[in-house]
Amino acid sequence: GSGGQDREGFSSGLDIGTHEILDRLTREGFLVLRVDDRGVGDSTGPLEDLTFDDLCADGRRALRFLMARPDVDAARVALIGHSEGGVSAPVLAASEPVAAVVLMAAPARPLEDLLLEQLAAARKASGAEPEELASFTREFDGFVAAIARGEALAAGGLAPELAAFLPARAWVASHLGRDPLPFVTALRCPILIAQGGRDVQVSAERDAHRLLAALDAAEHADHELALFPELDHLFKLAGDPPSELDYLKARPVDAVFLDELVAWLRARLMP
């Protein structure tokens, strides 16, 4: 996903749950590769002006390192991409001999569409009136357009939630207008779309079902959607109502999701 995470899936102290997924896969007989993101934990590398292409290049190096190991069957390697990783995994799989791809809470729309939806929803939940939401939408559109043009922007003249993205403006710019669907539909390997029904960051209807429809239309041979109605973006049980504040609570990754993930991977990689 987006943001720096260590090899176990901790991001600025937040437990995303990656270690639970990897531990379960290891117990089931899979080899897994745990990597600290660039600039996190024991990984070095420049962070300034980091782009989506840079992150894909890091992923490609990790994948090729894994496939070159003598204890790995390079013909049976799967990529599991979560959130932004669900955008980068198909990019890697399009050029590498990957046997299967799992898309966990993967966007089916460009970044700017998701960001506006998320930020506007947060404002609405805080009690913003329709006029304020319309004004914020105009400000967001202007912010995105300015980044696309490479204009200088001052944090003091922006809404706080937009100013927070200024340090990552190169990353934002690299995502603008990027439609994930062509990369997904170009894949020939098996694809599992996994989605939580109470995800407040990526939508089951506007993302997961759109991915499914695109693969159906492309007549992809082996794809399916696994929808977990009560789970959130981290594939943990969501609160009521669901909120990103749930991420701060100590909760396990859902056992049913882990069971289905293992069964799907085993059927395709361990026949």
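Predicted model: local features only at pLDDT ≥ 70, side-chain atom pairs only at ≥ 80, totals over all residues.
Residues are numbered from 1 along each chain as its sequence is written, and side-chain values use heavy atoms, with hydrogens and water left out.

Strand S4 (residues 100-104) and S5 run parallel and are joined by 4 bridges; strands (E, at least two residues) and helices (H or I, at least four) are DSSP runs numbered from the N terminus, and two strands pair if DSSP finds at least two bridges between them. On to S6: strand S5 (residues 191-196) pairs with strand S6 (residues 223-228) in the parallel sense over 6 bridges, and Gly-196 has Phe-228 as its bridge partner in S6.

These strands belong to an open sheet of 4 strands, ordered S3-S4-S5-S6 with parallel pairing. Strand S3 (78-82) and S6 stand at the edges with a single partner strand each, so one side of each lacks a neighbour in the sheet.

Turning to the helices, the axes of H4 (residues 111-125) and H5 (residues 130-149) come within 11 Å and cross at roughly 150 degrees; axes are lines fitted to C-alpha atoms, for helices over the stretch in contact, and angles run from 0 to 180 degrees between N-to-C directions. H4 and H5 are therefore roughly antiparallel to each other (angles over 145 degrees). Residues making the contact (heavy atoms within 4.5 Å) include Leu-115 and Leu-119 of H4 and Phe-136 and Phe-140 of H5.

Technical notes
Parallel < 35°, antiparallel > 145°, perpendicular 65-115°, else oblique.
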